Amino acid sequence: MLDVISREIYSLIGGAPPIAFVKPTFSAKYNTKEKATPWVQQAFTNPARADDLTLYHWVPASKTNDEYNFAKFNRVIDVPEYTDDEYEKYLTDADWSKDETDYLMNMCRRFDLRFPVIEDRYGFGSKIRSMEDMKDRYYTVQRKLLKARPYTPGEYPQDRHTMIQQYAYDKTKETERKRVLKDLFNRTREEIEHEQALFVEARRIEMNEPPLAREREALLGALQLEQAQQAPTAPLTPSASNTGGILSSTTSASSAGGASLSTPGGIGITGGTTATPGLDKKRKKLSVSDEAGASSATKKNRRISNASSGILEDVIPERKEKMIQGVYVRSQKLPVVTKQALQQKLLKTMGDMDIPIRPSMPTAQVVLKYDQLHHSLIHMLDLRKTVEKLEAEQRARVQRGGSAATPGNRPLSGPRDKKRRQG
């Protein structure tokens, strides 16, 4: 009856228990067939002791003739020894006597150059020596003995020189280093917070340095005062022999610069004079009839110049000047080009027109005209770039086989075209 379990009871107890894989905890049985190693009590002496004290310890019978195991940790530092003659010749010091020097060497030999321990145990008479004094005396003795003693067989001079450099010691620098460490350790909380704030500020300045450097380089590249002023510049004075030459020079200068460089009777950009002095000289040589013709030609030139300037005013957009707060110098209002490529093109264009980078006589009128010319040239370069881009697109479209419209087969759609078709 117990062998049969109903389904309900079987489900209540959770079914059959899972099979557990448990690692066995028992260890292997000791091998009793192997013979035990015999141990013997052996007498030994410690090489570090000078009194030949004999002690006993248990060791395996197979290691009875081996050296004491802890003898390898007995490392003796080679502290220099010197004779009375060597001391009198090389090691004499007014602050250190021979007895105190011998006492220091014995302490160094006893405590294995552990100078904190030597400073604690040091007591020669009533003298008080600091750790830096002891180190300085010890390393001085080492260096002087190495320099004075002859070379041993097989020793190279370079090895001796390297060893002398290893025993170099600067007492003043070591004292200053420890003093700074003490001051650093004795800082207050306010000083630590102030130092952390300085670190944060230094990090911020370091992160902002690359952008500032780039802006500084762009500004310096835009100025280029020295290189531009070294080039000789010619004033814009008329050199023609008649009034027609004056007219042609005036119109050519205004067309090349994109704006009227100078007005008759005014001051040019480069500091030269315009057509007025030239006309005065002509009037002195001409007759009354020639003076009338020259004056009519001058009026014509003025009309042409005013007309050209009016056309350029329609083409070139008016620039709105920004007001500068506070006190400023006039040179701050000179235009600065930050783009390197545009700057090179601008300098080349001004060089082709024989216009200096900076005006020779920076009066208010000259600077105003120079500013207008500068922005006119920039606008002209932008338009030239746009035209070149459109021409490149047109050539690419033609090469791809597109149906690009030409002036010959362009459809007539404007008002003038309509009048032509009606006529």
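## Helix α14, end to end

Take helix α14 (residues 364–399) first: with 36 residues at 1.5 Å a residue, this helix should span 52 Å, and its end C-alpha atoms sit 53 Å apart, which agrees. Keep in mind that this is a predicted model.

Which residues of α14 are buried? The list runs Val366, Val367, Tyr370, Asp371, Leu373, His374, Ser376, Leu377, Ile378 and Leu381. An α-helix has 3.6 residues a turn, so residues three or four places apart point the same way. After α14 comes Gly401, with a positive phi near 90°.

## α5 against α6

Helix α5 (residues 131–148) packs on helix α6 (residues 157–166) at about 165°, and their axes are 9 Å apart. That angle makes α5 roughly antiparallel to α6, since anything over 145 degrees counts as such. The crossing of this pair is left-handed.

On the α5 side, Arg143, Leu146 and Lys147 make the contact; α6 brings Arg160, Met163 and Ile164. By class, that gives 3 nonpolar, no polar and 3 charged residues.

## α5 against α7

α5 also packs with helix α7 (residues 171–185), here at about 155° with the axes 10 Å apart. So α5 and α7 are roughly antiparallel to each other too. What is the hand of the crossing where α5 passes α7? That crossing is right-handed.

The contact uses Met131, Glu132, Asp133 and Asp136 from α5, meeting Lys171, Glu174, Thr175 and Lys178 from α7. Sorted by class, the α5 contact with α7 has 1 nonpolar, 1 polar and 6 charged residues.

Technical notes. Residues are numbered from 1 along each chain as its sequence is written. This is a predicted model: local features need pLDDT of at least 70, side-chain atom pairs count only at pLDDT 80 or more; totals for chains, interfaces and linings use all residues. Side-chain values use heavy atoms; hydrogens and water are left out. Axes are lines fitted to C-alpha atoms, for helices over the stretch in contact, and angles run from 0 to 180 degrees between N-to-C directions. Helices (H or I, at least four residues) and strands (E, at least two) are DSSP runs, numbered from the N terminus. Angles under 35 degrees count as roughly parallel, over 145 as roughly antiparallel, 65 to 115 as roughly perpendicular and the rest as oblique. A crossing is left-handed if the near helix is turned anticlockwise from the far one by less than a right angle, and right-handed if clockwise. Contact means heavy atoms within 4.5 Å. Ala, Val, Leu, Ile, Met, Phe, Trp, Tyr, Cys and Pro count as nonpolar, Asp, Glu, Lys and Arg as charged, and the others, Gly among them, as polar. The expected span of a helix is 1.5 Å times one less than its number of residues. Buried means under 20% relative accessible area, exposed over 50%, partly exposed in between (1.4 Å probe, protein chains only).
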